[in-house]
Amino acid sequence: MNEPVKSIKKIAVMTSGGDAPGMNPFIRAVVRTAYANNITVLGVERGYEGLIQGKFRELRIREVGGILQRGGTILQTARCTEFREAGSQREALRHINNAEIDALVVAGGDGSLTGALKLAQKGVPVIGVPASIDNDIYGTDMCIGVDTALNTIVDAIDKLRDTASSHNRAFLVETMGRTSGYLAVQAGIITGAELVLIPEHKTPPREVAQAIEEAYRRGKTHAIVVVAEGYKPPTTELGAMIDAMDIGFTTRVTILGHVQRGGKPTAFDRMLATRFGVKAVQFLLEGKSAVMTALSGREIIPLPMEEVINHKKVIANDYIEMASMLAR
Ligand code: ADP
Ligand code: F6P
């Protein structure tokens, strides 16, 4: 994992996959840490798409001023299926060599880290940084963007509860997370949801209806069910099924969607992204490659990217049990 330290004069930084609030503070931290170490930084535009096309621009100290508080990513990002092909990866390597880039820092989700490892295996020193609102990346307690997304979800559910209880309604609220139920479970606990539905656990629609009906019988004025987007059947279908049953409440469905990915990063995300950005450059200076900056407790450690992408992150059972025990 540790290569003999070759002098690093120029690095490139990129954001890839789904954007995550905190990507901008991350870019700022990389640029400023690099400059403190006399390293020039190029920004790659639109993730792997820009790498294949050689779309680089120099990021100086001032260019990353005033972005700390902004959501999204100033470098933009993309889903680029082309990069999965060896030919495109060779094309990216050609641009990396032509631009005399000594090393790369890539922030993104599982897919982006898989792409980053491919480059590392071809000899480019690469550091991965976990950034995905889904928090589905193995080996790190938190990814950039998770805390901001959770705060957005909590804010939305608090508002939905106001209208739900004014009308005696049950709300199914869909959260993002692709195949992970992490956001749904966390949000369910801290908004006091009656039920959380996640892809990792099968809960048949009949049981969902029963839980809502029980809430009604206990005298609740509303019922909130948080549904992770990966749960089957899809939320709108489930909503129609539940609404057709006699459960006391009428039912409404709210799909929070991409609003969860936007907004200014929270204090937690700004600090996490900043620490990851600083560490990524320091790891390169220590000669490390093919590792991800991982939050382990309070520390940031280098974790081999191979280990990261070959394992699936699971939601701690404690949280799942807590969600169900507290929903009374
Ligand atoms: P995320 O990084 O948020 O998980 P994606 O799964 O869309 O998002 O991955 C982002 C990008 O990473 C893809 O568009 C693609 O360019 C690259 N990528 C994903 N999987 C691979 C792979 N197996 N090999 C090479 N590149 C990949
Ligand atoms: O990985 C982040 C994420 O927002 C997932 O939660 C969601 O399934 C997916 O990206 C949506 O992707 P897109 O923005 O390409 O529609």
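How many nonpolar, polar and charged residues does the lining of the second largest pocket have, by class? That lining has eleven nonpolar, four polar and five charged residues, where Ala, Val, Leu, Ile, Met, Phe, Trp, Tyr, Cys and Pro count as nonpolar, Asp, Glu, Lys and Arg as charged, and the others, Gly among them, as polar. This is a predicted model, in which local features need pLDDT of at least 70 and side-chain atom pairs count only at pLDDT 80 or more, while totals for chains, interfaces and linings use all residues. Residues are numbered from 1 along each chain as its sequence is written, chains are lettered from A and ligands numbered from 1 in the order in which they are written, and side-chain values use heavy atoms, with hydrogens and water left out.

The volume of the second largest pocket is about 480 Å³. A pocket here is an open set of points, on a 1 Å grid over the protein atoms alone, where a 1.4 Å probe fits and which has protein on both sides within 12 Å along at least five of seven lines, and its lining residues have an atom within 4 Å of a point; grid points are joined across faces, edges and corners, and the volume is the space filled by probe spheres set on the points. Twenty residues, written as 20 in the count, line the second largest pocket, and Glu194, Leu195, Val196, Ala211 and Ser324 are the closest to its centre. Two or more lining residues come from each of β7 (195-197), α7 (205-217) and α11 (317-326), and α7 gives the most, with six residues; helices (H or I, at least four residues) and strands (E, at least two) are DSSP runs numbered from the N terminus.

The largest pocket, in turn, has a volume of about 700 Å³. Its lining comprises 31 residues, with Gly17, Arg79, Gly111, Ser112 and Arg178 nearest the centre, and by class these are eight nonpolar, 13 polar and ten charged residues. Helix α4 (residues 110-121) supplies the largest share of this lining, six residues. At least three lining residues come from each of domain 1 (10-145 + 265-309) and domain 2 (148-262), the two domains into which the protein is divided, with bounds that come from an automatic or database domain assignment.

The centres of domain 1 and domain 2, taken over C-alpha atoms, are separated by 34 Å. Their contact (heavy atoms within 4.5 Å) takes 13 residues from domain 1 and twelve residues from domain 2.

Val126, leaving aside its neighbours within four places in sequence, is in contact with Leu104, Val106, Ala116, Leu119, Ala120, Ser289, Ala290, Val291 and Met305.

Helix α6 (residues 182-191) is mostly covered, with eight of its ten residues buried, where buried means under 20% relative accessible area, exposed over 50% and partly exposed in between (1.4 Å probe, protein chains only). The elements that cover the buried residues of α6 include α5, β6, β7, β8 and α11. Just after α6, Gly192 takes a positive phi of about 70°.

Helix α3 (residues 86-98) holds His95, which is buried at a relative accessible area of 17%. Not counting residues up to four places away in sequence, His95 touches Leu51, Ile52, Gln53, Gly54 and Phe56.

Some backbone details belong to loops. Glu100, in the loop between α3 and β4 (103-108), has a positive phi near 55° although it is a residue other than glycine, and Glu100 counts as exposed at 57% relative accessibility. Asn168, in the loop between α5 and β6 (169-175), likewise has a positive phi of about 55° without being a glycine, and counts as partly exposed at 38% relative accessibility. The peptide bond from Lys232 to Pro233 is cis, with omega near 0°, and Pro233 is placed in the loop between β8 (223-228) and α8 (235-243).
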